[in-house]
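Here is a short tour to read alongside the sequence and the 3D view. Keep both open as you go.

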Amino acid sequence: MQPIAAQILFEGLTQPEQLQGKTITAVVTDSRAICEGCVFVCFVGQRVDGHDFALQALEQGAAFVVANHPLEGADPSRVIVCPDSKQAMIQMGENYRRQFHPKVVGITGSVGKTTTKEFCAAVLSRGGKIIKTQGNQNNEIGVPNTLFQLEQDTQFAVVEMGMSALGEISQLSRAAKPDVGIITCIGVSHMESLGSKENIRKAKLEICEGLPSGAPLILNGDDPMLRQAQYEGLLPTHVRPIWYSTEDDGADVWASEIVFTQKGQRFWLNDRKHGRFWVEIPALGVHTIRDALAAYTAGVALGLSPEECAKALEDYQPAPLRQSLRTVADVLFVEDCYNASPDSMKASLVMFCQIPCEGVRIAFLGDMLELGELSQQAHYEVGELVMQTGMKFLVAVGEQSKVMVERARELGVKSVWCETLEEAVGALYLMCEPGDAVLVKASRGMQLEKALHQLYPRLEQDTKLKERK
């Protein structure tokens, strides 16, 4: 964060006379990150209340604290009282954003946001200095933190936007002020809070509220809910839709002649305006091709060379635990356990069955969380998909996954339900043979990577013992 006048950062949150001409050096929400001249924003968490650290923050050099109520023992002139800390973060992020003039890509959607973000970063880095959302920091705290990375020489920003309720993306988009918007798809994540796919689509389309008139809105032409929005006239009229697809050669940008390899995919990228380019990406699954098409389209929309944008897709680096490929003891693991929903689970299983494999395919899956009343049916359908995509074995962890295992067993897949990650490690250790491939996927809360951290050394040690014999 570049130093900024307090009266600019806090515009709309407090009266100018309280700010005393001070300069702010950082905005932090973690008491361990407090530094001289920063703003410490107090949040009430499930286990920790940031207000308990407010006086300490002031003593350690914070210029101000943002609190939900007056603080006993604190200098009132250094306390910015705001009933909602998230709203304060968004307002400060918007105020800071206004001081800079990068080209911004805003990304939302039920599935594929982070992969699309990483593809966009690969493309836009060919054009100059960029910043991007770190990890999954795509909420009311994460988006402002991304905006606080902006500096005068930042030329591009890639901002991922998530939500759990209507109205949230509207606020984030107005703060980030994207020049280009991307919607990856409309799925069933957050169905528990939003109630219908129509409401989820409505929430995702809120990204348009921060887009200027005539701005490109890049849309997945293979998504039926987005296409329906087009046919029913639900797309905002002030934006310019650009469609990408892996199925429809009537789209503006589409992929054809897709070839799958164990290291990624090759395909023709067809651009109706700029010709076609042979592209190879280090990512698996048709859904990642869609994400690559979206990133290419964003780069071209921002004025970069189509040839350079297509070439840059090869520079994509998957985020940790998002379809990362790792070979251990001649067993290929697809680590895709950062998150999961019915849509992404289906996409990953379909992708996995297309990877060349000399041995058998094993699915190591866990619960998909936050599905509400849809959960039982969703896990049941995944059990069916495990059979349909040719898995030889299924190992599953989590209460909801019992339904998945039962259905897979009924359909003839050798399936094991494990109560703990340790049990899953034991089951996988007995199953894996050289040449096999294992897909690892579940919601973030299941933490399947912990099982991998235990499994990999056992497989490697086994190989070393065999070599010594």
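Is Lys 402 buried, exposed or partly exposed? With a relative accessible area of 32%, Lys 402 is partly exposed. Please keep in mind throughout that this is a predicted model.

## Salt bridges

Lys 402 has a charged partner: its side chain meets that of Glu 399 in a salt bridge, at 3.4 Å from N to O. Across the whole structure, a search finds 23 salt bridges. Some of these share partners, and in this way Glu 11, Glu 94, Arg 98 and Lys 177 are joined into one network.

Another pair to look up is Asp 30 with Arg 32, whose side chains meet at 2.8 Å, N to O. Asp 30 is partly exposed, at 29% relative accessibility, while Arg 32 is exposed, with a relative accessible area of 75%.

## A buried pair and its neighbour

Glu 160 and Lys 117 form a salt bridge of 3.9 Å, N to O. Glu 160 belongs to strand S9 (residues 156–160) and Lys 117 to helix H4 (residues 113–124), so this pair ties together parts that lie 43 residues apart in sequence. Both Glu 160 and Lys 117 are buried.

Glu 160 is also one of the residues touched by Asn 138, along with Lys 113, Thr 133, Val 143, Met 161, Gly 162 and Leu 172, leaving aside residues up to four places away in sequence. You will find Asn 138 in the loop between strand S8 (130–132) and helix H5 (142–147). Its relative accessibility is 14%, and because buried means under 20%, Asn 138 counts as buried.

## The C-terminal region

An unreviewed UniProt entry annotates residues 326–444 as "domain: Mur ligase C-terminal". Over that stretch the chain is 39% helix and 24% strand, and the C-alpha atoms at its ends are 19 Å apart.

Now turn to helix H12 (residues 342–352) and helix H13 (residues 375–388), which pack at an angle of about 5° with their axes 11 Å apart. That angle makes H12 roughly parallel to H13. On the H12 side the contact involves Pro 342, Met 345, Lys 346 and Leu 349, and on the H13 side Ala 378, Val 382, Leu 385 and Val 386. Of these contact residues, seven are nonpolar, none is polar and one is charged.

Several residues of H12 are buried, among them Ser 344, Met 345, Leu 349 and Phe 352. The elements covering the buried residues of H12 include helix H10 (286–301), strand S17 (331–335), strand S18 (361–366), H13 and strand S21 (437–441).

Key. Residues numbered from 1 in each chain as written. Predicted model: local features only at pLDDT ≥ 70, side-chain atom pairs only at ≥ 80, totals over all residues. Heavy atoms only, no water. Helix = DSSP H or I, 4+ residues; strand = E, 2+ residues; numbered from the N terminus. Buried < 20%, exposed > 50% of the residue type's maximum accessible area, 1.4 Å probe, protein only. Contact = heavy atoms within 4.5 Å. Axes fitted to C-alpha atoms, helices over the stretch in contact; angles between N-to-C directions. Parallel < 35°, antiparallel > 145°, perpendicular 65-115°, else oblique. Nonpolar A, V, L, I, M, F, W, Y, C, P; charged D, E, K, R; others polar. UniProt positions renumbered as here; feature names shortened; annotations may be inferred. Salt bridge = Lys/Arg side-chain N within 4 Å of Asp/Glu carboxyl O.
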